[in-house]
Amino acid sequence: MVAMVRAKAAPGAVVVLDACQSLPHMKVDVQSLGVDFLAASGHKMCAPTGIGFLWGREDILNSMPPYMGGGEMIDQVTLEGSTFAPAPARFEAGTPPIAEVVGLASAIRYLDSKVGMDKVEAYEHEIAAYLYDRLSEVERVKILGPPKGVQRAALCAFYVDGVHPSDLSTFLDMEGVAIRAGHHCCQPLHQACGISHSARASLYIYNTKKDVDCFIKHLENTIAFFAGLQNQSEDQTDDDDFVPFI
């Protein structure tokens, strides 16, 4: 993939990889990828919110000027000018988010050493298949993405005919089931699929098949509730005072 990007990019272009969605779920070797920068967030990998990291090639980092001034990022300061510390210190001015950094380091050690990323990936493939199978059984649900048999992440984006994803997520939330609803940072893909929004059920190493069963149960109940409202609306089309809650 990186070779293809470089072939189409302008000479000397820098390749930046957003690994926020992959790093928590599989082994990633930045050296073998051949990218110039790699970004990841902490909250997707059991760390606190508000923290992440940017890996970069040392030669590029040291060639870049700092974007912020403050303590710890300088080398020498005189009345005539200043020089800056080598990377990464030159980009870490002032007091860092100490508690968040400690939490991020602990999360990385937990996933990499205590659990093991091979086990994380294997378990996610197993529970992803179970989620796909159970969701496929629910009437009126249309699953987006590759079909069964193709390696999938531990999530399913879907929509339900006649029910807006925001309504689904709101009613499921009242039952203690948390899913996402919206564009999921990919509006062009939704446009290509011919829909405006979708719902998404996402799993991680702390989820179990029992969690999936609970989600499916409440999803079926929610769909049945909205189906009842729609039927009631059709039966009372002549009643100007009836306003369906959809």
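View 1. Taken over C-alpha atoms, the centres of domain 1 and domain 2 are 33 Å apart. Domain 1 covers 1–114 and domain 2 covers 117–235, with bounds that come from an automatic or database domain assignment. This is a predicted model, in which local features need pLDDT of at least 70, side-chain atom pairs count only at pLDDT 80 or more, and totals for chains, interfaces and linings use all residues. Residues are numbered from 1 along each chain as its sequence is written, and side-chain values use heavy atoms, with hydrogens and water left out.

**View 2. Where the domains touch.** Here eleven residues of domain 1 are in contact with seven residues of domain 2; contact means heavy atoms within 4.5 Å. Between the two domains, about 780 Å² is buried, and carbon and sulfur atoms give 58% of that area. Buried area is the accessible area (1.4 Å probe) that two parts lose on being put together, summed over both. Look for H25, K27 and L111 in domain 1: these residues lose the most area to domain 2, together 57% of what that side buries.

**View 3. A salt bridge between K27 and D118.** The side chains of these two residues meet at 3.5 Å, N to O. A salt bridge is a side-chain nitrogen of Lys or Arg within 4 Å of a carboxyl oxygen of Asp or Glu, and the rule finds one across the interface of domain 1 and domain 2. As for the residue classes, the side of domain 1 that touches domain 2 has seven nonpolar, one polar and three charged residues. Ala, Val, Leu, Ile, Met, Phe, Trp, Tyr, Cys and Pro count as nonpolar, Asp, Glu, Lys and Arg as charged, and the others, Gly among them, as polar.

**View 4. S41, a buried strand residue.** Find S41 in strand β2 (residues 37–41); strands (E, at least two residues) and helices (H or I, at least four) are DSSP runs, numbered from the N terminus. S41 counts as buried because its relative accessibility is 14%, where buried means under 20% relative accessible area, exposed over 50%, and partly exposed in between (1.4 Å probe, protein chains only). Leaving aside neighbours within four places in sequence, S41 is in contact with C20, I51 and G52.

**View 5. P65, an exposed loop residue.** P65 sits in the loop between α3 (58–63) and β4 (74–77). With 62% relative accessibility, P65 counts as exposed. From C-alpha to C-alpha, P65 and R90 are 8.0 Å apart in space, and 25 residues apart in sequence.
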